[in-house]
Amino acid sequence: MSHFKTADLCDEHSDSLQICTTEFRSYGKKKQFYGKIETVNVYEDNVLVLEAIESVPEGSVIVVNGGGSKRCALLGDRLAGIAASRKVSGLIINGCVRDSADLADMETGIFALGTNPLKSKKNGTGERGSTLHFGGVDWAPGDYVYADEDGVIISKKPLL
């Protein structure tokens, strides 16, 4: 993976970027990650999150709009382990994770709003592949996302 800083990318490309206003916490071993966006829109149900983890191309970043709910976790150690083994670059979750001590050892990037030990529902509701809207930005499948300790930015074209 190329080393980058979102601050430097903003300095060079600010006129063509979207800057996410949501402050995420980092839970995975990788503190910086980037890739093509794959989207999942769910609410307190992670069946489609697993489906995405099992099927997206290597190097993708899965962006999950969980509606900002903090009532349950959309990702835990089992799903994060699958993501790491499939070389998913990272996950950005507008919701919560669990098993945070285990996630810290997973070789993938994981950004989320917080933690909750309760697992999600398993109804399979939601959708994949749609443009999401949260954090003051549009998360469109096929766009590129760059995430590090300073924040998250989105670009229509690859920057690295």
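Predicted model: local features only at pLDDT ≥ 70, side-chain atom pairs only at ≥ 80, totals over all residues.
Angles under 35 degrees count as roughly parallel, those over 145 as roughly antiparallel, 65 to 115 as roughly perpendicular, and the rest as oblique.

Residues are numbered from 1 along each chain as its sequence is written, and side-chain values use heavy atoms, with hydrogens and water left out.

The pair is helix α2, residues 47–55, and helix α3, residues 77–85. Helices here are DSSP runs of H or I with at least four residues, strands are runs of E with at least two, and both are numbered from the N terminus. The axes of α2 and α3 come within 8 Å and cross at roughly 20 degrees. Each axis is a line fitted to C-alpha atoms, for helices over the stretch in contact, and angles run from 0 to 180 degrees between N-to-C directions. The two helices are therefore roughly parallel to each other.

Which residues meet? From α2 they are V49, L50, I53 and E54, and from α3 they are R78, L79, I82 and A83. Contact means heavy atoms within 4.5 Å. By class, the contact of α2 with α3 has six nonpolar, no polar and two charged residues. Ala, Val, Leu, Ile, Met, Phe, Trp, Tyr, Cys and Pro count as nonpolar, Asp, Glu, Lys and Arg as charged, and the others, Gly among them, as polar.

Next, the core. The largest nonpolar core has 24 residues, and I62 and L75 have the most contacts inside it. Such a core is a set of buried Ala, Val, Leu, Ile, Met, Phe, Trp, Tyr and Cys residues joined through side-chain atoms within 4.5 Å. Buried means under 20% relative accessible area, exposed over 50%, and partly exposed in between, with a 1.4 Å probe and protein chains only. Helix α2 gives the most to this core, with five residues.

What does I62 touch? Leaving aside neighbours within four places in sequence, I62 is in contact with residues including A52, I53, V56 and I92.

Back to α2, whose buried residues are L48, V49, L50, A52 and I53. They pack against β3, β4, β5, α3, β6 and β8. L48 counts as buried because its relative accessibility is 9%. L48 and K122 are 74 residues apart in sequence, yet 9.1 Å apart in space, C-alpha to C-alpha.
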